Amino acid sequence: MRILLYGNGGSGNHGCEAIVRGTVELLGTGSNFFCVRSTNVAEDTLYGLNQLAEVSPARTVRKKNFSFICAYAKLKLTGNYTDMDGLDYLPGISAAASKTDVALSVGGDNYCYNGTEIYSWLNRAYHKAGIKTVLWGCSVEPEVAAKKAIAEDLSNYNLIVTRESITYEAVRQVQKNTVQSPDPAFFMKPLKCEVDARLEAGNVIGINASPHILKCESTSGMAYENYKQLIRYILSETNATIALIPHVVWSSNDDRTVLRQLYDDFDRDPRLVLIEDHTAPELKYIISRCCFFVGARTHAIIAAYSSCVPTLVMGYSVKARGIARDLFGTEDGYVLPVQDLREPGELTNGFRKLWEEKETVQKSLENILPNYLSAAQQAVNAINKLE
């Protein structure tokens, strides 16, 4: 089967990288061929995706033809810019028509935010080119899935694969050909790399924070203050080393900005290790070295879960709640919604409770994961039926 992946934002978000790598790991059997339509070819090449698949530009600037005139007129008359944005995708879609069986929209978060119109447009454009489409490893808030325009778009995919049960229950109301499978990043293998000597002892607590999580808070400054209090507690009440681990390094949304600030706020304490940028498999290896993890980025959390590392999530959306619920039967005690933070010690309180149970949580993950991961076979079978 000839599989094209699109909708990926680039490997500077190592979650995007992990999704592609996990997808190839999961579906890359037999004679399957993969092509990645990339919005940043240089970035994806830097992190090695070109070693797994053909990586080519998602967009190509088109000459001003009749389609351009129509799209420009629509923009001026209605303010709708989607057609204008979509024009540059058409050459790549046309080129793929004769050598692609299925196109997977692999941006799992794309329906979690504003600007979903372009993904609806791409869905239609691939269909017009005779290519079947799959919304792959997605999360969608139930109230978003119920919106008329979104529901119509979701119903137009040939198959939807959701990564957690909250989305599954909502999406199958509008698209019956929906299955549930773990996020493909669960299947990405770690890659051993050199780590700071302080991480070798194994008594390491990993912490991931992000600019995005700070923007989701309801009370200004509360999320950052919660991280500070947590680090202060770990330094005073445990003998653990703290690894500050980034998972997105885009200039516009760089985890390292928050982590460096935390590092400096504690005067670069020798028990703090600031992890620099790595590939997604290397970051998964580093996270797997931790005895406990506190994370904000979904795919940093998935790296921890899939390595059986007890994890407390600073969550903000359906994906955090849904994945925790599917693994543990509840999100309570495992996910702390950033929007609900009102006091600076709430993250520390959540950490203390889960830290006391970390051995039990680790054993639970070891027992749960084999059956949890086996559900992916249903998604593999459903895709194979589309050929």
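The model is predicted, so local features are taken only where pLDDT is at least 70 and side-chain atom pairs only at pLDDT 80 or more, while totals for chains, interfaces and linings use all residues. Residues are numbered from 1 along each chain as its sequence is written, and side-chain values use heavy atoms, with hydrogens and water left out.

**The sheet**

Begin by selecting the seven strands of the open sheet, which follow the order β3-β2-β1-β4-β5-β6-β7 with parallel pairing; strands here are DSSP runs of E with at least two residues, helices are runs of H or I with at least four, and both are numbered from the N terminus. Two strands count as paired if DSSP finds at least two bridges between them. At the edges are β3 (54-57) and β7 (178-180), each of which pairs on one side only. Neighbouring strands of this sheet are turned by 25° against each other on average, direction ignored.

Next, select residues 2-8 and 33-38, the parallel strands β1 and β2, which five bridges join; leucine 5 has valine 36 in β2 as its bridge partner.

**Helix α12**

Move on to residues 255-265, helix α12, whose buried residues are Asp255, Arg256, Val258, Leu259, Leu262 and Tyr263; buried means under 20% relative accessible area, exposed over 50%, and partly exposed in between, with a 1.4 Å probe and protein chains only. Seen down the axis of α12, these buried residues fall within an arc of 160°, so they line one face of the helix, the arc being that of the directions from the helix axis to the C-beta atoms. At the start of α12, a side-chain oxygen of aspartate 254 comes within 2.9 Å of the backbone nitrogen of arginine 256.

**Two loop residues**

Most residues other than glycine have a negative phi. Select aspartate 267, in the loop between α12 and β12 (272-274), where phi is positive at about 55° although the residue is not a glycine; with 67% relative accessibility, aspartate 267 counts as exposed. Finish at cysteine 308, in the loop between α14 (298-305) and β14 (311-315), where phi is also positive, near 60°, but cysteine 308 is buried, with a relative accessible area of 17%.

Technical notes: Polar contact = N/O pair within 3.5 Å; in protein donor to acceptor, adjacent residues only side chain to side chain. Axes fitted to C-alpha atoms, helices over the stretch in contact; angles between N-to-C directions.
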